[in-house]
Structure formats: C-alpha cells, structure tokens
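Notebook open, model loaded. I wanted to go through the sheet, the helix packing and the pocket in one sitting.

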Amino acid sequence: MAIGVTAKLQVQVGKNEEFEGIFKRLAEEVNANEPGCNFYAMHKSREDAQLYIVLEQYIDEEALAAHGKTDYFREYGKELAPCMAAAPAIELMDSV
C-alpha cells in the first residue's frame, strides 16, 4: 500500500526565495535518487504567501523511512531550518 504525505511548511517573511532555492535542490535529489518515491513536489498556497505544502507518495513504509535517513535530506533540512517560521505539520495517509 502506498503512503501519502503532506508537509505544511510555514516560512518566515522575506525568506521565500532562499527557501524555494534550497527546496528545489532537495526535490531534485529525492526525485533522482529515491526509486521508492512516486512523487515529491512543493506547492505554494494562493491564500498565504508564507505557506508551502509538499505532496509526497512512497511505495511503502520502507521507502518513506529511507527518505528521512538520506544524507541529503538531513543536510538540506539544516539549510532550510533558518527559513522556517514554525515546525512542519506532517500528515501521513494510506492509499485506498
């Protein structure tokens, strides 16, 4: 069963461009190196310029766990942290 993930990311005012640049590099790494990830894409809210939502889908729990253990995920996470206004709100979902 595929695992869906939404990650709501609230970014500090004035940090959007920096955040988007870092996240773009992270997404390129994920999409190039994680065959267990069906998609990994960021979207910006039309209602709140500081809110980004990442839509993700993994083939199974193992692929999801592997994603969080990659060196690039950890490194880009450190780069993204100063841009964040709050902790990410993560929701896991099961495909139907």
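Below are my entries, starting with the ground rules.

**Ground rules.** I'm working on a predicted model, where local features need pLDDT of at least 70 and side-chain atom pairs count only at pLDDT 80 or more, while totals for chains, interfaces and linings use all residues. Residues are numbered from 1 along each chain as its sequence is written, and side-chain values use heavy atoms, with hydrogens and water left out.

**Sheet order.** I looked up the strands first, taking helices (H or I, at least four residues) and strands (E, at least two) as DSSP runs numbered from the N terminus. Two strands count as paired if DSSP finds at least two bridges between them. I get an open sheet of 4 strands, ordered β2-β3-β1-β4, with antiparallel pairing. At the edges sit β2 (37-44) and β4, each pairing on one side only. From one strand to the next the twist averages 15°; for angles, axes are lines fitted to C-alpha atoms (for helices over the stretch in contact), and values run from 0 to 180 degrees between N-to-C directions.

**Bridges, pair by pair.** I then walked across the sheet.

- β2 and β3 are antiparallel over 7 bridges, and a hairpin of 6 residues joins β2 to β3. His 43 has Ile 53 in β3 as its bridge partner, and Cys 37 stands opposite Tyr 58 in β3.
- β1 and β3 pair in the antiparallel sense over 8 bridges. Here I noted Ile 3 with Tyr 58 of β3 as its bridge partner, and Thr 6 opposite Leu 55 in β3.
- β1 (residues 3-10) and β4 are antiparallel too, over 6 bridges. Gly 4 is bridged to Met 93 in β4.

A reminder to myself for reading these pairs: in a regular strand the side chains alternate between the two faces of the sheet.

**Helix α1.** Asn 16 is in α1. Is Asn 16 buried or exposed? Asn 16 comes out buried, because its relative accessible area is 13%. Apart from neighbours within four places in sequence, Asn 16 is in contact with Val 11, Lys 44, Ala 49, Gln 50 and Tyr 52. Gly 21 is also an α1 residue, but I logged Gly 21 as partly exposed because its relative accessible area is 32%.

**Ala 63.** This residue lies in α2. I have Ala 63 as buried because its relative accessible area is 12%. Not counting residues up to four places away in sequence, Ala 63 touches Gly 36 and Tyr 58. I also noted a C-alpha separation of 9.6 Å between Ala 63 and Ala 2, 61 residues apart along the chain.

**Largest pocket.** I ran the search on a 1 Å grid over the protein atoms alone, where a pocket is an open set of points with protein on both sides within 12 Å along at least five of seven lines, the probe is 1.4 Å, and lining residues have an atom within 4 Å of a point. The largest pocket has a volume of about 320 Å³, volume being the space filled by probe spheres set on the points. I find 20 lining residues, with Leu 9, Tyr 40, Phe 73, Pro 88 and Ile 90 nearest the centre. Which helix gives the most to the lining? That is α3, with 4 residues. By class, I have 16 nonpolar, 3 polar and 1 charged residues in the lining.

Methods:
Ala, Val, Leu, Ile, Met, Phe, Trp, Tyr, Cys and Pro count as nonpolar, Asp, Glu, Lys and Arg as charged, and the others, Gly among them, as polar. Buried means under 20% relative accessible area, exposed over 50%, partly exposed in between (1.4 Å probe, protein chains only). Contact means heavy atoms within 4.5 Å.
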